[in-house]
Number of protein chains: 2
Amino acid sequence: MSSPKTEGMTAKKSENFDEWYTQVILRSEIADYGPVSGCMVFRPSGYALWESVQKATDAEFRKLGVQNTYFPLFIPERLLKKEAEHVEGFSPEVAWVTEAGNSKLEERLAIRPTSETVMYEVVSRWIRSWRDLPLKLNQWNNVVRWEFSHPTPFLRSREFLWNEGHTLFATKEAADDEKDEILGIYKMVTEEYLSLPGYVGRKTDQEKFAGAEASYSIEYLLPDGKAIQGPDFHSDGQRFSKAFEIVFVDEKGEKQFAWQNTWAISTRVLGVMLAVHGDDRGAVLPPMVAQTQVVVVPIVNDENKEEVLAEARKVAERLGASLRVRLDERDHLTPGRKFNEWELKGVPLRVEIGPRDLKASQAVLVRRDSGTKRSVKLSEIVGEAKMELDEIGKALFQKAKGFLAENTREASSLRELESGLKEKGGIYRILWCGRKDCEDDLRKSTGGKILNMPLGQGTPKGRCIFCGEPAKTVANFAKSY
Amino acid sequence: MSSPKTEGMTAKKSENFDEWYTQVILRSEIADYGPVSGCMVFRPSGYALWESVQKATDAEFRKLGVQNTYFPLFIPERLLKKEAEHVEGFSPEVAWVTEAGNSKLEERLAIRPTSETVMYEVVSRWIRSWRDLPLKLNQWNNVVRWEFSHPTPFLRSREFLWNEGHTLFATKEAADDEKDEILGIYKMVTEEYLSLPGYVGRKTDQEKFAGAEASYSIEYLLPDGKAIQGPDFHSDGQRFSKAFEIVFVDEKGEKQFAWQNTWAISTRVLGVMLAVHGDDRGAVLPPMVAQTQVVVVPIVNDENKEEVLAEARKVAERLGASLRVRLDERDHLTPGRKFNEWELKGVPLRVEIGPRDLKASQAVLVRRDSGTKRSVKLSEIVGEAKMELDEIGKALFQKAKGFLAENTREASSLRELESGLKEKGGIYRILWCGRKDCEDDLRKSTGGKILNMPLGQGTPKGRCIFCGEPAKTVANFAKSY
C-alpha cells in the first residue's frame, strides 16, 4: 500500500487513449517500466491478475489430459532454422546470446520467441508408437520477441508471459478435434474471468503463425477503435513433425509423422482487459481476477473510532473467509483519499462503515464499475457482497459487449470501409474473395487488415469488397495493433 | 506413458553414483537433456515435482504477506555493475544478449543470474515513507548461471527455476526477524514434502552470497558422500539500498536506507531428493510431490478380464477422489513389465487387483520404498492407501536422516579430517577459529570446505582444527558440489 504519493488520473480515455492507458497501468500500481525498453514489471496487483488467469486456464487444460513441462530458454541457432517458414517469421525479432562469462559462444543461442524447435527436437525421442499418442504438453513461461515498433506494456511487450500448448496426435482428425476444446477454454476464461468479449475466427494464410497450416484467434476491440489479437490456436499439420522427424509406428506397423497443434494465451489479454474496462478514475478490475475484491473503509471520528474499527475488522474477517479482502485502517488518510486510491487501483467493491451505519447495523456497498451505492444489513453482508461482485463481472462483460456490437459494422464498398475506418474505427464485416492480392490491396488502401474469418459460416452470397469477384468468406477487418 | 521402449536401470547406486543418477533421472522419464549443454528439460513427472514444491512454499509465503511479482529477464550491464561485490560474484557466469534481430545492441544485456539489480532500481521508486514498509516481494522464475564445470541436471544446471524473495524493512531488527520465518518454511517444505533432512547454518564470509552481509543455508548430503547447498537466506543489510538509493522517511521525518533480505529455493532440491531416495530399481518419489501417488494394476487373464477391469476402475475412481491415481489398463504389457516400469518411475504405491483378490474382496498394496506387500479389504482401501502414503513419506525421511546421522562425524585433528574425507566422505563437525586463512588452508589440504555453521551455538570449548587457536565456532565441513 502506498503513501500519499499516489497520483490520480489526469488523461481522459475518450480524448487521449494512449496517455490514458499509460496512466492507468502505472498509477494504479499494476505495472511499471523496467530498465530495458519494452520489458515491463508486473507489480503485485498486476501479477495477481495473471495468476488468476493461469489458475483458471490451467485447471481446464488438465481436464483435457494436458501435462505441464519446462523446456530450456535457449535455442541453438541451427535448431531455430529447421523449419523454414518458422525461422523466417521469427528471426527478425530474436534476441541472441553470443557471450557467456568472458567467452564468446561457438553458436548463437536464441532466447525462445516460442518453443516449437527446442521442444520438438527433444520430444521426437519420446515417441515411438501410436500408444505414446496423444501427447499433450504445456508450459507457462516467459518468451522474448524483440519488437522494434512502439512497445506498450502488456499489449506489445518485448518479454511476455504466456502458456504454450504443444500437442501431438496420431491422426489429423484427432488433432483437429482439439481446436474447439482449446478455443472454448480461452473464450470461457477471457469472458468469465476478464469480462472480455471478442470475435473467434480463422486467420488468413498471410496472417497465420509462422510454420502453421492454419491459425485461429480471438480478436478484441480496444477503446481507440483498433483491434488486437488475443489467444490463438494453430493447426501445424505435419510440418514440424517432418522437420524434426517426430515419427511413430501406427497400429498397422507403419511409420507415420505426428499431427501437431500449438496454442497460447498471453499477458496481452490483461492489457486488453485494463484498456476495455478502465475509466477516467482509473482501473476497473473484474472481480474474478482482482487481487483485492473488496476493500473495507471504516469512517471514523475521534469519538467512535474504536467502535467503528472493531466492527470494520469483524466485517473484513467475515468477508475474508471466502473473498479477497483488504481492510484500510490507515489513520493518516481521510476516507475520501482512500476512496480515490482504491478507485484508481480498480478494486471492484468498497464497503463503507461509519457511526451511523453502525447504529443501523448496516454498511454501504459501493460498486467501482457504476458508482452505485447501496446499504445492506451487516448480517447479510457476505451474501450481498458476493452478489454484487457477480453482478459487476457480468455488467463489465455486457458493457464491453455493447461497445463491441456498436463498433462492429458492415461495409459493402471499399469507400465505405475506408471512410468508416478513418472516421469511426472499429471492426468491419466485409466480404472477401479469399485472394492474397485483394488482401494486400485492402491493407494498402485502408491501413487496416483482415483480423480473422468467423468459423462455421457457409459460403456467403455477394462479392469481394475489393475486386468484385464472388466472395468466399466474411472477414473481420480493422486497423490493428 | 511410454511404449515398451522403457529401459531399466543397470548402474548401481553404491558403485557408480554419477552414472546411476543420470540413469535414474533419464530412464524414469523425469528429465531429459536439452539441445544446449547444461540446460535440462523437465518432463511432466519432473515438472509436477516442482509444481508441488512451489504450491506448498508459495502458500506459506503468502501467510507472511509476501506478494508475487514479475520483473524482466534482462538486466542492462550498467545496472548489474552497481553493487561491486555482487557483479564480481556473478559476472564470470553471466549469459549476455548482444544482438536482437539483425541489430547489435548498444549495451549488453545480462540474462538475470538473480534479480537484485533489476528489481531494486525499480522498487526504489515505490518506497517513500515508513508506511510503505515492509514490502515483501517474490517471484517464481527462471535464471541463468553459465556454469563451466560439469553441468548436471537439477544439481548444477545452467538454467534453473527458483523463487527469489526480496523483502525490504524499516529496521535491521524487523529484517532479521524474517530469517527464522523463511528458513522455517524451507525446512518444513524440504522435510515434509521432499523427505529431506539437512543442516541449517550460517555461511562463512567467504562463502556468502555476493552482496550479502550474511548468508544462511540448508546443506544436504548426497549418497556419494559429498554435500550440496539447498535453499538459502541472505541478510543484505543496507548494501543494495545504498547502491540503489532505496530511501524512506521514517516516523521522525528522517531519511533512512531500507534493510533488505533475499531468499531462494531452487529446482536443485529435486535433484537432491532424487539422489537421496532413489535405489537400484529407479526413482523413489515422496508421495507429497509425486505426479502419480498410486498406480492401480489389474492382473487379468482371458476368463476374468472384464470383471477384474471393472473392479480396478472402481478402485481407481474411489482412490482418485482424494489422491493422484493412475489406472494402467494397457493390454500389451504383462503385469510384471508394468510393475518394473512404475517402480522405475518411482510411483510410491502400487495396487494390484487379480481374480483371487476379487473373490476375497481385497487388493494388494505394494510400497515402492520397501517393497512391502499387504492385502487390504476393498471397502477400506482408500484409508489404507492414505495411511501407507503417509508412512512412506515418513519412512523416506527417517531413512535419509539415518544416513545423514551415520555420515556426520566429528574430526578433532586435521589428519582425521583429511583421512575421513578421503576414505568415508560425509560431513565433519569441526572446530574453527573463524579466520579466513585457516578456512583457505583447510580447503587446500582437504579439498573440502566449510558448508555452514550451526545456528544458536554458544562459543565452543576447544581449539581450531587447523591453527590450534581457541575456536570461535563449530562448522559443518565436507567435500561439496
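Mentor: Gladly! Let's begin with contact: two residues are in contact if their C-beta atoms, placed from the backbone, lie within 7 Å. Keep in mind that this is a predicted model.

Trainee: What covers the buried residues of H5(A)?

Mentor: The cover includes strand S4 (74–76), helix H3 (77–80), helix H4 (84–90), strand S8 (159–169), helix H7 (239–243) and strand S14 (259–266) of chain A.

Trainee: Which residues of H5(A) are buried?

Mentor: They are Glu116(A), Thr117(A), Val118(A), Met119(A), Tyr120(A), Glu121(A) and Val123(A). To be called buried, a residue needs 20 or more other C-beta atoms within 10 Å of its own.

Trainee: Why is helix H5 of chain A called largely enclosed?

Mentor: Seven of its eight residues (116–123) are buried, so the rest of the structure largely encloses helix H5 of chain A. Across chain A, buried residues make up 49% of the 481 residues.

Trainee: What makes the radius of gyration of chain A agree with a compact globule?

Mentor: A compact globule with 481 residues would have a radius of gyration near 23 Å, and chain A has 25 Å, so the two agree. Along the principal axes, the C-alpha atoms of chain A fill a box of roughly 85 × 55 × 50 Å.

Trainee: How is chain A divided into domains?

Mentor: The assignment gives domain 1 (17–277), domain 2 (294–390) and domain 3 (408–478). The centres of domain 1 and domain 2 of chain A, taken over C-alpha atoms, are 40 Å apart.

How values were computed
Residues numbered from 1 in each chain as written. Chains lettered and ligands numbered in written order. Predicted model: local features only at pLDDT ≥ 70, side-chain atom pairs only at ≥ 80, totals over all residues. Buried ≥ 20, exposed ≤ 12 C-beta atoms within 10 Å, placed from the backbone. Helix = DSSP H or I, 4+ residues; strand = E, 2+ residues; numbered from the N terminus. Rg over C-alpha atoms; globule rule 2.2 N^0.38 Å. Domains from an automatic or database assignment.
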